[in-house]
Amino acid sequence: MMEKVNASSEGYFVLLGFSNWPHLEVVLFVVILMFYLMTLIGNLFIIILSYLDSHLHTPMYFFLSNLSFLDLCYTTSSIPQLLVNLWGPEKTISYAGCMIQLYFSLALGTTECVLLVVMSYDRYAAVCRPLHYTVLMHARFCHLLAVVSWISGFTTSALHSSFTFWAPLCEHRQVDHFFCEVPALLQLSCVDTHANELTLMVMSYIFVLIPLILILSSYGAIAQAVLRMQSTAGLQKVFGTCGAHLMVVSLFFIPAMCVYLQPPSGNSQDQDKFIALFYTVVTPSLNPLIYTLRNKDVRGAVKRLMRWG
């Protein structure tokens, strides 16, 4: 039997990442770097534009700025380490670095689940309760919803990441993933991890499935309200804003469900890596494009900013 060890005494983990495909590592490095730069530029653009243009000082763009900042932090929690590992022969991460990475990836991922629910409620209030919208979504309430989203994510992560690292690890320190994630770390444990797996499943249902049900319920009510609309301009505006949000929800929740709402043996580890690569690299880079390409408010803000400049 392998000897139980304290991983902190060893000082590091080995992130195997995509080492099974060494011929793909250079290609992956270039593609991931491009997506990461797109994420940085696109999300910073939304944050700065929403701050500078007074016409975008609305609940929708306040929450969108929060989402953009969240995506910046989420990708930065894992992608720079992945790029370093893909570029060089060393694929290690310190024990403390792994703990920090796990904590922030869990915290930010959970926060995004809650924030997307908040954004769907904002759209529900705008479409279904237009006369009461300014009363319902006043500035203080919007700030409270954003704070609740962030606190819920970071509190949940503190509990869950601590529970993950309490499990004693074997002397083998190779994490079969490109970042420190709960299922991959549990595979290193020498003891029965059914309690950890059950906790992960319960938390996934609470922060993935329930938010998705709430979002779909909001859009069910929005769809009913849209069908009663007579104005073509109103219909186009609703489809523009709500369609963008639904696309972002799909890009985030579908991959998360594939990884976290399946039994431990449901997916191969290699499949999980590529799914995780999608929601940590691709989705955050597409969000700014989805929200801005067909958005008249953003185009107008850019024109005003250029004239001001």
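**Exercise 1.** At what angle do the axes of helix α2 and helix α12 cross, and within what distance do they come?

*Solution.* The model is predicted, so local features need pLDDT of at least 70 and side-chain atom pairs count only at pLDDT 80 or more, while totals for chains, interfaces and linings use all residues. Residues are numbered from 1 along each chain as its sequence is written, and side-chain values use heavy atoms, with hydrogens and water left out.

Step 1: helices (H or I, at least four residues) and strands (E, at least two) are DSSP runs numbered from the N terminus, and axes are lines fitted to C-alpha atoms, for helices over the stretch in contact, with angles from 0 to 180 degrees between N-to-C directions. The axes of α2 (residues 25-52) and α12 (residues 296-308) come within 10 Å and cross at roughly 70°.

Step 2: α2 is therefore roughly perpendicular to α12, a class that covers 65 to 115 degrees, whereas angles under 35 count as roughly parallel, over 145 as roughly antiparallel and the rest as oblique.

Step 3: F45, L49 and L52 of α2 make the contact with V298, A301, V302 and L305 of α12, where contact means heavy atoms within 4.5 Å. These residues divide into seven nonpolar, no polar and no charged (Ala, Val, Leu, Ile, Met, Phe, Trp, Tyr, Cys and Pro count as nonpolar, Asp, Glu, Lys and Arg as charged, and the others, Gly among them, as polar).

**Exercise 2.** Describe how α7 meets α9.

*Solution.* Step 1: the axes of α7 (residues 139-166) and α9 (residues 194-227) come within 10 Å and cross at roughly 160°, and the two helices are therefore roughly antiparallel to each other.

Step 2: on the α7 side the contact includes T156, H160, F163 and T164, which meet A195, N196, T199, L200, M203 and F207 in α9. The contact residues divide into five nonpolar, five polar and no charged.

**Exercise 3.** In what order do the three strands form the open sheet, and why is one side of β3 and of β5 left without a neighbour?

*Solution.* Step 1: the order is β3-β2-β5, with mixed pairing (two strands pair if DSSP finds at least two bridges between them).

Step 2: β3 (92-94) and β5 (174-175) stand at the edges, each with a single partner strand, so one side of each has no neighbour in the sheet.

Step 3: β2 (residues 12-15) pairs with β5 in the parallel sense over two bridges, and V175 in β5 is the bridge partner of L15.
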